[in-house]
Amino acid sequence: MAGDEAGRRRQRQSEILDSVVEKSRELLAGRVVVVTGGARGLGQTFGAALLRAGAKLAALDRSWAGSDGFRSDIEKQDSLALEADITDDAALDAAYSEVIGKFGTVDVLINNAGLVSETPFCAPRTREAARHPRH
Ligand SMILES: NC(=O)c1ccc[n+]([C@@H]2O[C@H](COP(=O)([O-])OP(=O)(O)OC[C@H]3O[C@@H](n4cnc5c(N)ncnc54)[C@H](O)[C@@H]3O)[C@@H](O)[C@H]2O)c1
């Protein structure tokens with residue numbers, strides 16, 4: 001089933017990240033790390049690994065629907081789960097103020113929020129462009 005496959009992928013991602021995090025534990029412990037798109041997907045995997053490494057996490061997402069368990073894990077570990085759309089300047093400023101108010105600084109930004117694009121970076125966008133390559 002698709003859900004099982006996603007679960008296995010998430011588990012594998014966590015194992016890989018844990019091995020990296022283990023090697024970087026001294027660097028990460030106590031650091032303030034902001035992860036955008038932190039409620040689900042890769043952002044959630046990064047955030048969970050960072051918490052295991054002892055980092056202070058500020059996870060931002062435009063929606064926490066369906067991620068209540070992770071949200072409450074974050075809050076139990078003296079970290080922040082914030083609702084903010086990163087394309088909304090006012091929401092981003094408010095989130096920044098909350099992070100600075102709680103932690104006083106930001107050490108690392110993982111700028112992860114986004115959508116997976118199926119368009120190859122160098123693909124011609126139109127038939128016309130395909131007929132007249134620039135090189
Ligand atoms: N999963 C992949 O195979 C893959 C491959 C290449 C690149 N990426 C990139 O990695 C990032 C995460 O991918 P994923 O697969 O975990 O995606 P995902 O859709 O599972 O998670 C993305 C998260 O970002 C949040 N988000 C999206 N737009 C936002 C916004 N404007 N403000 C705040 N939060 C926002 C979503 O709510 C969601 O929680 C994306 O930028 C994606 O382009 C992913």
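The lining of the largest pocket divides into seven nonpolar, six polar and four charged residues. Here Ala, Val, Leu, Ile, Met, Phe, Trp, Tyr, Cys and Pro count as nonpolar, Asp, Glu, Lys and Arg as charged, and the others, Gly among them, as polar. This is a predicted model, in which local features need pLDDT of at least 70 and side-chain atom pairs count only at pLDDT 80 or more, while totals for chains, interfaces and linings use all residues. Residues are numbered from 1 along each chain as its sequence is written, and side-chain values use heavy atoms, without hydrogens and water.

**Pocket**

- A pocket is an open set of points on a 1 Å grid where a 1.4 Å probe fits, with protein on both sides within 12 Å along at least five of seven lines; lining residues have an atom within 4 Å of a point.
- The largest pocket holds about 480 Å³ of space.
- Its lining has 17 residues, and Gly 37, Arg 62, Ala 113, Gly 114 and Leu 115 are the closest to its centre.
- The helix α2 (41-52) gives the most to this lining, three residues, and β2 (56-61) supplies at least two.

**Nonpolar cores**

- A nonpolar core is a set of buried Ala, Val, Leu, Ile, Met, Phe, Trp, Tyr and Cys residues joined through side-chain atoms within 4.5 Å, where buried means under 20% relative accessible area (1.4 Å probe, protein chains only).
- In the largest core, of 18 residues, Leu 50, Leu 57, Trp 64, Phe 70 and Ile 74 touch the most other members.
- The largest share of this core, four residues, comes from α2.
- Apart from this core lies another of 10 residues, including Val 32 and Phe 103.

Key: Points joined across faces, edges and corners; volume = space filled by probe spheres on them. Buried < 20%, exposed > 50% of the residue type's maximum accessible area, 1.4 Å probe, protein only.
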